[in-house]
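Here is a short note to read beside the model. Please keep the sequence and the 3D view open while going through the points.

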Amino acid sequence: MISRRLLLAAAATAPLAACAERPPHFINQVSIEGQPAPIGGARLAAFAFAGPEPIRVRDTAVRAFVNVKGVVPVRFELVDGYAASTPFQPSFPDRAGIARAGQTLGCDVVIWGRVNQFEPYQGGPPGFVDVTVNLAWVANPAYAVVSGQRQANIAAY
C-alpha cells in the first residue's frame, strides 16, 4: 500500500508547482511543462487517476489543492457520474471535451493523473513514488503537466 505521507508529498507538488511556486522541502524533484495559470479559488473537477491506489491519489491531490490554493472541488460523485455517462476521457488535445465537461460540471479546471511508479520502503532501498498530475483550464488554453517524485524511508501504509 502507498504511504499516506509519501503520497501526500508527491500529490502536494501539483498545486505548488502548477502555480510556479517552489515545491515544499520534502519533495525530491518536481518538473513542470505547459503554460500554468492561476488556480486560487477555482472550481476543480478531478477525474479518475490511474495506477496504484487511484481513489486515494485523487483524494490526496484534491485535498492538497484545497489546502494550499483554496480551490473549490466539484463533488467526486458528480464527476464520476459525468465520466460514466459520456465517452469523455480527459486529454489536452480534446479542448472541446474539456469545455463541455467544464460547462456541465460548472468547473474552471479539470485534473487527472496517474501514479507512474511506486515502490514501498521495505527495509532495503528507500521507498519511491512518481506521480504525474495533468491540469487543463476550461476557459483558456492554459495547461500544466506536473511530475513529482519522492524517495524516502517511509514505511508502507
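**Notes on the model**

1. Phe88 is buried, because its relative accessibility is 6%; buried means under 20% relative accessible area, exposed over 50%, and partly exposed in between, with a 1.4 Å probe and protein chains only. Phe47 is also counted as buried, because its relative accessibility is 3%. Tyr82 is buried as well.

2. A word on the basis of this note. This is a predicted model, in which local features need pLDDT of at least 70 and side-chain atom pairs count only at pLDDT 80 or more, while totals for chains, interfaces and linings use all residues. Residues are numbered from 1 along each chain as its sequence is written, and side-chain values use heavy atoms, with hydrogens and water left out.

3. The overall layout comes next. The protein has five helices and six strands; helices (H or I, at least four residues) and strands (E, at least two) are DSSP runs, numbered from the N terminus. Along the sequence their order is α-α-β-β-α-β-α-α-β-β-β.

4. Of the 157 residues in the protein, 47% are buried. The accessible surface comes to about 7,600 Å², and carbon and sulfur atoms hold 53% of that area. Accessible areas come from the Shrake-Rupley method with a 1.4 Å probe, and for residues only the protein chains shown count as cover.

5. Contact means heavy atoms within 4.5 Å. Taking contacts between residues at least 6 apart in sequence, 66% join residues at least 24 apart.

6. How many aromatic pairs are there? The count is five, where rings of Phe, Tyr and Trp (its six-membered ring) pair if their centres lie within 6.5 Å, and planes under 30 degrees apart count as stacked, over 60 as edge-to-face and the rest as tilted. One of them joins Phe47 and Tyr82, and this pair is edge-to-face because the ring planes stand at 70°, with the centres 6.3 Å apart. The pair links distant parts of the chain, since Phe47 is in strand 2 (residues 43–50) and Tyr82 is in helix 4 (residues 76–85), 35 residues apart.

7. Phe47 also forms an edge-to-face pair with Phe88, at 5.3 Å centre to centre and 75° between the planes. Here too distant parts of the chain are linked: Phe88 is in the loop between helix 4 and helix 5 (95–105), 41 residues apart from Phe47 in strand 2. Phe47, Tyr82 and Phe88 form one aromatic cluster.

8. Asp130 lies in strand 5 (residues 127–137).

9. The side chains of Asp130 and Gln149 are joined by a polar contact of 3.3 Å. A polar contact is a pair of N or O atoms within 3.5 Å; within protein, one must be able to donate a hydrogen and the other to accept it, and residues adjacent in sequence count only if both atoms are side-chain atoms.

10. Val129 is also in strand 5, and Val129 is buried, with a relative accessible area of 0%.
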